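Thanks for coming. I will go through one structure today, and I will keep it to strands, helices, domains and contacts.

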Amino acid sequence: MSNVLVVLEFSDGTLKSSCLPGITCAKQIADANGGELHFLVLAADPAASAEAVASAGFGASTVHTMANPAFEPFTAEAWADGIVAAVRATNAAVVGGTASSSLRDALPRAAALLDAALTSEVTAVGAEAVLTRPISAGRALLDQASSGAVSFFTARGSEFPPAEAGGAAAAVAALPPADASTRGVTVVDVQKTQSSRPALSEAEVVVSGGRGMREGENFKMLEELTDLLGGALGASRAATDAGMVPADLQVGQTGKIVAPDLYIAVAISGAIQHLAGMKGSKTIVAVNKDEEAPIFQVADYGLVGKWEDELPKILELVKAAKAG
Amino acid sequence: MKILVTVKRIPDPDESLKFADGGVDYSSSKWVPNAFDEYAVETALRLAEVAGSKDRLAEVIVMSVCPQGQRQHVTQFLAMGAERGVVVDADDSTLDSIAISKLIAEVARREEVDLVVAGKLSQDNEGNQIPQRVGGLLNWPQACFAAEVRRDKDAKELTVSREVDDGVEIKKIPLPAVLSVDLRVVLPTSVSNGVTAADHRYQEGARLASLRGITMAKRKKVQIFTPDDLGVQNSGSETTRAINPPPARPSGQMVASAEELVEKLKTEAKVL
C-alpha cells in the first residue's frame, strides 16, 4: 500500500480551487507508486464538505475526515497534529497538496513530527515518483527521491492542471478523534485583499508593472489594460517596495508564482527573482525602454519603448481588437 | 529574553550557475549571506535593542551549520550587532532538512532561548521548511512569513502579521516560539518591541555593520559544536538524483511597434 493523502482546504464549506493542481500532482504520484488517492478534510464539522468532495470523485477512493474545533480557524499547530494523526491512522505513504500558504506552513511541521522528508514546490513527477522542484530562483531543477515510511510534498499550483471532477464517487470515512492543539496561539484577524479581479495565481492574463512606472498613479493605465483583458494586476518587487501598489501584488521568487496564458511586463527590467515568478507563462510580452533589459531574454514578444508612448497605443489597439 | 537566529551562507545568487556531472559546481562561487537571514538578524536586533540607548531587552545569538573555517557570514552578523555565535561544524551541503532542523532545535533547547527567528527560505535551496520543522520538533507555536512583528513591553507573546495567499493574517503567539520572516519585515516600522519609541523609524532593509561593529565582531565568542556533540545524524531519507538546467524558452522576437505587437498577439499567439 503506497497511498497518497491530499490535505484539502475549504472556504465556507466549498473546496478551494487552489487545491485542484495539488490533487493532479498527487494522482501522478499515486499512479507512479501504484497506490490509491485519498483525501483528508480537517474541520470542526467536516461531514458536509467531505460529502461534496466525495461525490465529485476526482479519482479518489476515500475521503477521510477528522473533526476538531481546533482546526478552525486554520493554524499550522493544530493542522500538523491532525495531519500526523491521519497519516498514522491511514498508513499513507505520501502526504501533500498544493503549496498554499497554509500547507507550506503546516506540512513541514507535520513532516518533522514524523521524521519525514518533504519536497517543496514540486513541478513534475518522474518515474519511481522522483519529484522535480526548482532551486536558485528557477535557474536549476532538482530531482529529489525520498525514502522512509512516509514522505511529504507541496505542489506548485501553476505547474499542474487543475483536477477535474468526475469518475466514481469516493467513500467518506471518519477518522477517530485525535488531540490537536493550537499551542496557545490566537488568530486575531485575516485581512483579505479586496479585489474585483481574479486572483493573481489563477488569472489567465497578468499585467505587471515595474520600477519604471515611477509612481502608483501611473498604474491606472495598467489597470485599464488589466480589466480590458479580464486579468489580474501584478508588480515587480521594485514597484511594491516603492509603495506604488500593495505588497501582495508582487510576482517573483518571494511573491506570487504565476503562469498565465498571457503575461505582460511593462517597465520591468527582469531581475532573476522576478523571472522566477513568471517564466512559466505561455506567452510573455515585454515593454521596456532599455533594449538590454534581461526581461527581453524570456519574452516571446519584445517592444523597446517608453511605456508613456506605447501603453496608450496598446490600450487603443486592444480595445479595437476586442471590439472587432 | 534570548533570541536564536539561524543563518546560512549561499552561493552569490547573481552569479550564473555552472552545471557539471548532473549537479552544480559551486567550487569557484563567491559565498554571501542568505538575504532572508539578514532580515531575520535585523528583526531580532530590532526586538532586542532600545533605539537610541545601549540598553538591550534580549541577547541575540546567531547560529549556522557550516564548515567552521568558512564562517565569514557569522562574523558579518556579529558585526551587525548579534552578541555571540554558535557554529555547527559540518559540510551543510551533505545534511538534509531533517538533520539541519534537529541541530537547530537542539541548540535552541540547550540555550533555553525564548524565540527562534529564521528567514522564510534560503535563496539557493528554496526549501521553505526549516523553521516550521523546528517549531514541530520543539513543540512550540510558529508564525511563518512574517511581515510585521509587535511585542508589548515585557510581554510573553508576539503579535505577528503574516503574508498569506489571500491577504494578511494576524496571529498572536505565546513565547517560546518560532518566527520565520518575509522581506517586508525590514520596512522602517515593521518591528516594534514596546520600549523603543513607537514613532521610531529604522533604515529600510537590514543594517550595515559599523566599523566599530566589525572590530568588535572579532572579539565576540563563537562556540563550535559538531553534529555528534548535539546527537544528530543525517537522516538519509532525502536523495538528490540530479540537478539540471531548466529547458530553455524558445527565443522570442522583437516587434517594431505597438501595432505589430497587438497584431501578433491576435493572429500569431492568439491570446486576444
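Predicted model: local features only at pLDDT ≥ 70, side-chain atom pairs only at ≥ 80, totals over all residues.

**Pairing across the chains**

I start with strand E13 of chain A, residues 186-192, which pairs with strand E11 of chain B, residues 167-174; the two are antiparallel, and six bridges join them. One position to look at on screen is Lys192(A), which stands opposite Gly167(B) in E11(B).

An open sheet of four strands runs in the order E8(A)-E9(A)-E10(A)-E15(B), with antiparallel pairing.

Now the contact between the chains as a whole. On the chain A side 66 residues take part, and they are in contact with 65 residues of chain B. Which element gives the most to the chain A side? That is H4(A), with eight residues. Sorted by class, the side of chain A that touches chain B has 33 nonpolar, 16 polar and 17 charged residues.

H4(A) also has a partner within its own chain. Helix H4 of chain A, residues 101-113, packs with helix H3 of chain A, residues 76-90, at an angle of about 50°, and their axes are 8 Å apart. The two helices are therefore oblique to each other. Their crossing is right-handed. From H3(A), the contact uses Ala76(A), Trp79(A), Ala80(A), Ile83(A) and Val84(A); from H4(A), it uses Asp105(A), Ala106(A), Arg109(A), Ala110(A) and Leu113(A). By class, that contact has eight nonpolar residues, two charged ones and no polar ones.

Last, the domains. Chain A is divided into domain 1, 4-174, and domain 2, 200-323. How far apart do the C-alpha centres of the two domains lie? The distance is 32 Å. Eight residues of domain 1 of chain A are in contact with 12 residues of domain 2 of chain A. On the domain 1 side, the residues by class are one nonpolar, four polar and three charged.

That is where I will stop.

Terms used: Residues numbered from 1 in each chain as written. Chains lettered and ligands numbered in written order. Axes fitted to C-alpha atoms, helices over the stretch in contact; angles between N-to-C directions. Parallel < 35°, antiparallel > 145°, perpendicular 65-115°, else oblique. Left-handed = near helix turned anticlockwise from the far one by under 90°. Contact = placed C-beta atoms within 7 Å. Nonpolar A, V, L, I, M, F, W, Y, C, P; charged D, E, K, R; others polar. Domains from an automatic or database assignment. Pairing = 2+ DSSP bridges.
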